[in-house]
2 protein chains.
Amino acid sequence: MRAMSEPMSDPERIYTAALIVIGDEILSGRTQDKNIAPIALWLNLQGIRLAEVRVVADRTEAIVEAVNLLRARNDYLFTTGGIGPTHDDITVDAISEALGVPVVVHPHARSVLETYYAARGGLTDARLRMARVPEGASLIQNRMSGAPGIQVANIYILAGVPHIAALMLDALSGQLPGGRPLISRTVGCWVPESEVAELLRITEREHPSCQIGSYPFFREGRVGANFVIRSVDEADLDGCETALIERLGGAGHEPVEGGI
Amino acid sequence: MRAMSEPMSDPERIYTAALIVIGDEILSGRTQDKNIAPIALWLNLQGIRLAEVRVVADRTEAIVEAVNLLRARNDYLFTTGGIGPTHDDITVDAISEALGVPVVVHPHARSVLETYYAARGGLTDARLRMARVPEGASLIQNRMSGAPGIQVANIYILAGVPHIAALMLDALSGQLPGGRPLISRTVGCWVPESEVAELLRITEREHPSCQIGSYPFFREGRVGANFVIRSVDEADLDGCETALIERLGGAGHEPVEGGI
């Protein structure tokens with residue numbers, strides 16, 4: 001919960017976040033997760049690095065264990081899923097248990113839901129479940145379906161439906177202290193990565209702020225790879241990109257700036 | 001490592017697996033994971049339940065921590081990613097460190113790679129990296145690109161490229177002791193899930209072997225949900241499906257067998 005005590009961003013510090021994807025539907029293979037990548041990209045823009053992700057079942061103990069470990073060792077913890085009106089939506093109860101606080105009905109969430117459901121059959125007990133929050137929480141706006149996301153301590157509780165999760169992230173944009181954004185450059189090459197492994201290793205070592213990831217592919221019957229350079233230091237990133245392009249060319253391969 | 005000491009499957013036991021997705025490209029948001037869902041579905045067919053997934057960075061300590069925790073509390077541990085020829089491929093080293101065994105060159109992996117690369121420029125030092133395994137490991141066949149997957153203790157180390165990971169799973173099909181497969185039925189309905197929350201809860205409670213997941217969606221300007229019933233007991237599953245269909249109909253909603 002370090003970030004909560006800091007009013008301002010510190011550009012020199014690396015801010016980290018963890019994500020817990022809550023849902024039997026992901027673990028059963030029924031649903032392909034579509035939240036991890038957009039959340040990671042959004043965090044990069046905030047100057048926050050996604051450090052780890054866990055997918056856990058709809059079981060209280062599994063959620064509590066992951067929440068307590070990950071909120072302690074990251075600046076931020078995000079969760080997706082399990083905040084709807086049905087019996088399998090246990091995220092709020094589990095996070096309250098993890099924090100040791102009671103579940104309460106948030107008055108503003110209740111009034112938002114009353115308005116939303118006024119023309120849709122009224123606020124039933126099941127729908128009122130979506131106004132339940134851990135004590136001390138504030139709300140994250142959901143312009144789509146009324147049921148809000150929840151912020152409590154350094155935990156951000158988002159919907160599981162990807163376009164609603166994305167709207168909640170929109171509502172949080174620019175609100176969270178972060179450091180310098182992680183930026184990247186991609187250089188592609190029609191070459192088996194094994195032929196340039198040594199060249200990649202040397203280039204990375206020469207640019208201490210940079211990591212180079214090598215991502216091979218098979219396309220149109222040919223073997224190639226994209227090399228992604230990541231850094232928070234734009235000058236070092238540029239230097240690393242230039243060095244990599246020169247080395248690939250020098251070894252007789254044609255680099256493709258921007259990737260293939 | 002419970003499963004390793006059992007020569008036969010036990011249909012009454014619930015076998016579990018964990019999955020570690022290794023890769024900065026997933027955590028940076030550059031790449032959308034496409035391995036979790038196919039691995040989960042394949043495990044279901046083997047009678048093994050995917051209990052938890054972690055996405056970890058290309059950092060030795062992060063991999064070692066996850067490997068040692070998850071291999072101890074599950075029958076099986078799968079990993080994807082990080083077994084190629086480049087400097088960012090550290091999975092074998094990290095898993096060897098987790099197990100406390102040295103990294104060795106596997107003679108058969110070496111000969112497979114020698115054959116594969118004979119017409120492709122020969123077996124360089126970088127390519128030979130792909131023959132490195134934790135001591136005591138055996139290989140998982142890779143009909144696509146030569147570089148094999150690795151099995152050591154109860155750990156199954158797969159490629160990160162999805163179609164290669166899928167081929168490695170094919171090679172393992174039917175080889176791993178498991179219990180009864182988890183089976184599922186889906187019933188869809190054009191109804192807000194909040195209107196049927198109580199009905200779902202009651203139906204689930206009446207069928208103790210079953211879990212019912214509720215997955216809302218917004219499509220064609222309308223609100224609906226799919227209800228997925230999961231169980232290892234086919235008779236109870238059938239009973240639960242029938243009860244759910246009757247209750248939805250009784251409440252004035254039209255159930256759609258097989259889902260929407």
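1. Glu220(A) sits in the loop between strand 10 (211-219) and strand 11 (222-231) of chain A. Strands here are DSSP runs of E of at least two residues, numbered from the N terminus. The model is predicted: local features need pLDDT of at least 70, side-chain atom pairs count only at pLDDT 80 or more, and totals for chains, interfaces and linings use all residues. Residues are numbered from 1 along each chain as its sequence is written, with chains lettered from A and ligands numbered from 1 in the order in which they are written.

2. Phi of Glu220(A) is near 50°, a positive value in a residue other than glycine. Most residues other than glycine have a negative phi. Glu220(A) counts as exposed because it has 6 C-beta neighbours inside 10 Å.

3. Ala153(B) lies in the loop between strand 7 (149-152) and strand 8 (155-158) of chain B. With 17 other C-beta atoms within 10 Å, Ala153(B) is partly exposed.

4. Now the symmetry. Chain A superposes on chain B by a rotation of 180° with 0.0 Å of shift along its axis (RMSD 0.0 Å). The two copies are therefore related as by a two-fold rotation axis.

5. Which residue of chain A comes closest to the rotation axis? Arg54(A) does, with its C-alpha at 2.2 Å.

6. The copies meet through the same surface, because 100% of the interface residues of chain A are also interface residues in chain B. Contact means C-beta atoms, placed from the backbone, within 7 Å.

Methods:
Helices (H or I, at least four residues) and strands (E, at least two) are DSSP runs, numbered from the N terminus. A residue is buried if 20 or more other C-beta atoms lie within 10 Å of its own, exposed if 12 or fewer, and partly exposed in between; C-beta atoms are placed from the backbone. Copies are superposed by least squares on the C-alpha atoms of residues with pLDDT of at least 70 in both. Two residues are in contact if their C-beta atoms, placed from the backbone, lie within 7 Å.
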